[in-house]
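Let's take a walk through this one together. Have the viewer open and follow along as we go.

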Amino acid sequence: MPANTIDHNRTRYNFDGIDSVWLFGYGSLIYKVDFPFLEQRPASIRGWARRFWQGSHDHRGTPEAPGRVVTLIEQPGAVCRGMAFRVSPNVFEYLDVREKNGYLRFSTTMTFEDGSHAEGLVYIATEDNEAFLGEAPEADIAAQIAAAVGPSGPNSEYLLRLAESLRALGDDCRHTFSIESHLTRSGPVEASDS
């Protein structure tokens with residue numbers, strides 16, 4: 001699968017006659033909400049674990065020195081907490097570009113804090129995309145993140161802002177927090193407001 005998934009995503013779902021769609025965010029979509037939405041609610045999905053296994057050539061790194069960003073990996077029994085946004089279907093014209101580096105839209109069932117459920121979409125970078133980096137020791141992932149910078153800023157900012165957002169949601173994402181710990185042990189790094 002090519003890294004640029006814009007055209008592929010635009011053929012995956014037909015939004016004719018649909019006024020709004022739920023979108024589940026588990027990475028930068030939690031804290032970088034630069035798109036209009038109709039409603040926002042904390043939510044979770046089952047059977048998926050957040051992992052820094054996707055390369056970022058276009059936002060938090062370059063093709064020569066990719067950063068690492070999160071994707072979801074199937075894991076029975078896992079619960080991934082994040083933020084759900086009810087959006088107009090036309091918002092996907094923007095989001096498909098933002099999430100173009102290997103991410104495809106998939107259907108998912110979300111569970112809200114009150115126990116209710118809704119069907120929605122989630123962007124996942126699967127292991128068959130060109131930008132997928134895969135598993136590595138968390139200390140090595142932290143070192144790669146510490147060194148990577150792209151058009152959207154330092155990769156470390158992405159990690160630190162995500163960790164801060166997950167704490168605010170009450171999520172104990174050990175993978176993210178372990179990488180954050182390795183990163184901050186290697187030197188002072190702070191998230192910026194950009």
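Start at Thr108: setting aside neighbours within four places in sequence, Thr108 is in contact with Ile45, Ala118, Glu119, Gly120, Leu121 and Val122. Keep in mind that what you're looking at is a predicted model. Thr108 sits in strand β4. Is Thr108 buried or exposed? With a relative accessible area of 8%, Thr108 counts as buried, because the cut-off for buried is under 20%.

Now hop over to Arg51, which you'll find in strand β2 (residues 39–56). Not counting residues up to four places away in sequence, Arg51 touches Val69, Val70, Thr71, Ile73, Gln75 and His175. There's also a pairing to look at in terms of distance: Arg51 and Thr126 are 75 residues apart in sequence, and their C-alpha atoms are 11 Å apart in space.

Next, the core. The largest nonpolar core has 49 residues, and the members that touch the most others are Phe24, Tyr26, Phe52, Phe92, Leu95 and Leu162. Which strand gives this core its largest share? That would be β3 (residues 67–87), with eight residues. Pick Tyr26 and look around: beyond its neighbours within four places in sequence, Tyr26 is in contact with Arg50, Val70, Thr71, Leu72, Cys80, Tyr103, Val122, Tyr123, Ile124 and Leu162.

As background, an α-helix has 3.6 residues a turn, so residues three or four places apart point the same way.

Last stop, a pair of helices. The axes of α4 (residues 138–147) and α6 (residues 174–185) come within 8 Å and cross at roughly 60 degrees, and the crossing of α4 past α6 is right-handed. On the α4 side, Glu138, Ala139, Ile141, Ala142, Ile145 and Ala146 meet His175, Ser178, Ile179, His182 and Leu183 of α6. By type, the residues of this contact split into seven nonpolar, three polar and one charged.

Technical notes. Residues are numbered from 1 along each chain as its sequence is written. This is a predicted model: local features need pLDDT of at least 70, side-chain atom pairs count only at pLDDT 80 or more; totals for chains, interfaces and linings use all residues. Side-chain values use heavy atoms; hydrogens and water are left out. A nonpolar core is a set of buried Ala, Val, Leu, Ile, Met, Phe, Trp, Tyr and Cys residues joined through side-chain atoms within 4.5 Å. Buried means under 20% relative accessible area, exposed over 50%, partly exposed in between (1.4 Å probe, protein chains only). Helices (H or I, at least four residues) and strands (E, at least two) are DSSP runs, numbered from the N terminus. Contact means heavy atoms within 4.5 Å. Axes are lines fitted to C-alpha atoms, for helices over the stretch in contact, and angles run from 0 to 180 degrees between N-to-C directions. A crossing is left-handed if the near helix is turned anticlockwise from the far one by less than a right angle, and right-handed if clockwise. Ala, Val, Leu, Ile, Met, Phe, Trp, Tyr, Cys and Pro count as nonpolar, Asp, Glu, Lys and Arg as charged, and the others, Gly among them, as polar.
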